[in-house]
Amino acid sequence: MKALSAIVKRELIAYFSSPLAYIVMAAFLLLQGALFALIVGYLSQPGQSSMSILQAFFGGTIFFWFFLVVAPLITMRLVAEERRSGTIEVLLTSPVTEAQVIVGKFIAALVFYLSLWMPTVIYVVMINTQAAVDWGAVAASYLGVALFGALFVSLGLFASTLTRNQIIAAVIAFTGLIVLFGVPLIRGLMVSSSVLAAAVDHADLWQHMADYSKGIVDTRHLVYELSLTGFFIFLSTKSLELAKWR
Amino acid sequence: MIEVENLSKTYVDTPVVNGLSFYVPEGQVLGFLGPNGAGKTTAMRMMTAFLPPTTGRVVVAGVDLDNDSVGLRRNIGYLPENVPLYPELRVDEYLRFRADVEGVSRSELPERLDDVTERCILTDVRRQVIGTLSKGYRQRVGLAGALIHKPPVLILDEPTVGLDPNQIIKIRELITELGKDHTVVLSTHILPEVEQVCDRVFIIDRGRIVADGTPDALRRKLIGNPMLRVELRDAGETAPEALGRLPGVVAVERKADGSFVIEHIGDSDPREAVFRLAVDREWVLLGLTQEQATLEDVFVRLTKADEAVAPTGEEV
């Protein structure tokens, strides 16, 4: 437990002592702020009130474009850099398991990711001064943000165990994310009654997030995100064990 | 303290470490000496449970690698080659991190931090960011990290590589000091280092131990007879023959610069006889030097026999 918290703490120090973290944060807030302003402006027009701000903000497609860039940037360093610099040798010859190393890094990356979202709570507070806020939907939206974060961070972490090169890790994570997002795009090619089409519907992350933003927490979605996250953490652990052989 | 039995590592049919077997008693400072790519690093990585051995057994302080890899790692303080550190951390932060990962208890922590920073002469730089430290300091930070959990065994891979001469002297003194209460295995390709620091030396070549003994014994056993260099003026053509007839002398060789190198049997000392001979023949004796061959000669002789290059296995 102490080893795990030490690993989390070290990763967080690494995040917050790197300029990249602040650039990512600034860019993230700039884009989110611009998006929020646009949505508020749009919905303020007469006759446009059929949609809640939350739905537009979290359920829209723009939400996903952030992840494509931000998640690989957050995760690319995690294992790749330790393998490049050789610190992994110190870490894995101390009495910790590969699983502790992976889980520690996962928690740290998730905490950093969530800290990116923290300032957006101000938007909700701002809306609350002008209009009624559905707090249930707010909670569900942020739950969705956290679940998606966990999934994308675990995918990026796995990518980072595959190489010593941070850029390659980022590219692999980027490709993996496109596959995850892109699933619904091939839906149109399928016979709508087929099993495959049903599976694709089930894996439609855009739909999942749209539901969360409306305040719907569907356990099927929850299970999909959590089980994939667990799967990638498991893969990362195995991959780190195998890295010794390469 | 350390038992290694038939330890081997093979990468796709190429043996990098080939059947190492040895025993290191408590308190010994053992040096692995060998050319680059001899398998020193690979052997150490297997002993520290970083690389899984292809075959063989490692037992450190009674803990078998096969049964309890985590327990074995607890008994070892390991300093890998090139001292990998986290440059963004402060020295204190790094040592706390190592202490937590190595399982040092909260109550022991302040005492352990003070002990290792003092031993490794880091007290002045405790608040400094590691990335800003010189190579010599970084080496000591790495060593302090390896010592933080009071391991009975220290394994140091090339601990002086890349340091300037003053830093090398400091690190060697530190290792000698640590050797008093630790069992130490270190690797190097620098010969004087082994002679100064180690109680025992393995010369390793292409994954095998080709010689094992104290630095002195290796020199005596493998170098052969001692040599005496004699510089004479006015010595005639008869000089080699006359020198050759002195008691204990085995051979005389005339060097290009006109001096003579006399090989004599180990327990004889022909210096006095050379002096008297020179006086007798009215030669002027300009110099008389005992030439002590170094481990370098042994090393070259043992490892140069075949120039075949062994694979390094340095990458992870």
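Reader: How far apart do the C-alpha centres of domain 1 and domain 2 of chain B lie?

Author: The two C-alpha centres lie 46 Å apart. Domain 1 covers 2–220 and domain 2 covers 225–292 of chain B, with bounds that come from an automatic or database domain assignment. This is a predicted model, in which local features need pLDDT of at least 70, side-chain atom pairs count only at pLDDT 80 or more, and totals for chains, interfaces and linings use all residues. Residues are numbered from 1 along each chain as its sequence is written, while chains are lettered from A and ligands numbered from 1 in the order in which they are written.

Reader: Why are α1(A) and α3(B) called roughly antiparallel?

Author: Helix α1 (residues 2–16) of chain A and helix α3 (residues 91–102) of chain B pack at about 150°, their axes being 8 Å apart. Helices here are DSSP runs of H or I with at least four residues, and strands are runs of E with at least two, numbered from the N terminus. Axes are lines fitted to C-alpha atoms, for helices over the stretch in contact, and angles run from 0 to 180 degrees between N-to-C directions. Angles under 35 degrees count as roughly parallel, over 145 as roughly antiparallel, 65 to 115 as roughly perpendicular and the rest as oblique; the angle of about 150° therefore makes the pair roughly antiparallel.

Reader: Which residues of the two helices meet?

Author: A:Lys2, A:Ala3, A:Ala6, A:Arg10 and A:Ile13 in α1(A) meet B:Glu93, B:Phe97, B:Asp100 and B:Val101 in α3(B). Contact requires C-beta atoms, placed from the backbone, to lie within 7 Å. By this criterion, 21 residues of chain A are in contact with 23 residues of chain B. On the side of chain A that touches chain B, α1(A) gives the most, with six residues.
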